[in-house]
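The following exercises concern the structure shown below.

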Amino acid sequence: MDKFRIMVQFLQANQESFMNGICGIMALASAQMYSSFEFTCPCLPAYNYAYGIGILIVPPIWFFLLGYVLNNNISVLTEEWKRPMGKRRKDPAVLRYMFSSMTQRALIAPVVWIAVTLMDGKSFLCAFSATSDLSEFLNDSYKSLSKNELEKFQARIPCEDVFDGHEIISRDAATRYIRCFSQACGWTFLMIITIVAFLIRAIRPCFTQAAFLKTKYWSHYIDTERKLFDEMCKEHAKSFAKVCIQQYFESISGEIVPQLSTPIKKGKGNKDDDGEKQKSDEEKLLGIRKEDDMNKVLWNWHTCKPPLLVNKRAEDMNGHASLDTHSFSNERHTQKPMKKTAVAYYSKV
């Protein structure tokens, strides 16, 4: 259990590694789902194309949307995009960077599904078997068939147990011909995706390095700020609940009090610890002790976020520290030198 908790904390602390792991798991899940999927072509001219293209397109769309759902930054992006301007302006470049990073991760599983589907060729065979030009594989004595009859025979090519036109067309040759096109499309698709990913990941930062670093920094800042704000709200809510419960029990009068608060002998150390805990809970409230005040704080945080400007408190403290060091050095230089006296010890031996 401790190892699992440590792993969860590590993944929460390293969100980028966590999201990369989720994308890898989704990619493996998409390949595993396709291998376990029972492909059943209807073998009808009116439905083959819709079924084959649907298997090629619909699951990738589902995986793409699932990648957005599993990404925690989608809520951060939406909140930053829809929030009022307030005292902090919104940078469209940061929003574009966050959206592009989420899109790149969400596209991994759909790309794997499309590549595996095209390499396998079943959906491509089902979609284009009825409309492909397979005249090279027809028997010469049956070339006078009408177009509708020929489409019916070709639509049954994906279904081995239904196909009954072996004397009209060579099923094995037609199947290999269509699957060859499917695999060619699959390799072309992988090559295009690889080139586009290379251009996005490697070449783009070289031309706009300063802008890239700026957008990356502020996107990390927005994510970190939200995490810290949530942690601060959790700590304040915990302290607020402790103080409210303690005041509730202290305000109870009557016979319930002696039953609930039985006298327990405590040492001085325990009393001091309780006092310190109570004091720490009071300090964590930060002066916000009413429901209306807390609601106002949360509303102001949403409608009017503070500007990205750090107060001068730290600078003033550094200034005082430098003044103290200067005064100390001046005192050390102005201090009068002490007279050195020599002391001699004599022995009576």
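Axes are lines fitted to C-alpha atoms, for helices over the stretch in contact, and angles run from 0 to 180 degrees between N-to-C directions. The model is predicted: local features need pLDDT of at least 70 and side-chain atom pairs pLDDT 80 or more, while totals for chains, interfaces and linings use all residues. Residues are numbered from 1 along each chain as its sequence is written, and side-chain values use heavy atoms, without hydrogens and water.

**Exercise 1.** Describe how helices α10 and α13 are arranged.

Step 1. Helices here are DSSP runs of H or I with at least four residues, numbered from the N terminus. The axes of α10 (residues 209-251) and α13 (residues 291-303) come within 13 Å and cross at roughly 175°.

Step 2. Angles over 145 degrees count as roughly antiparallel, so α10 is roughly antiparallel to α13.

Step 3. In contact (heavy atoms within 4.5 Å), Glu225, Phe229, Cys233 and His236 of α10 meet Met294, Leu298 and Trp301 of α13.

**Exercise 2.** Is Trp187 buried or exposed?

Step 1. Trp187 is located in helix α9.

Step 2. Buried means under 20% relative accessible area and exposed over 50%, with partly exposed in between (1.4 Å probe, protein chains only).

Step 3. Trp187 has 58% relative accessibility and therefore counts as exposed.

**Exercise 3.** Which residues does Ile178 contact beyond its neighbours within four places in sequence?

With those neighbours set aside, the contacts of Ile178 are Phe124, Leu125, Phe128, Ser129, Ser132 and Leu134.

Methods
Helix = DSSP H or I, 4+ residues; strand = E, 2+ residues; numbered from the N terminus. Parallel < 35°, antiparallel > 145°, perpendicular 65-115°, else oblique.
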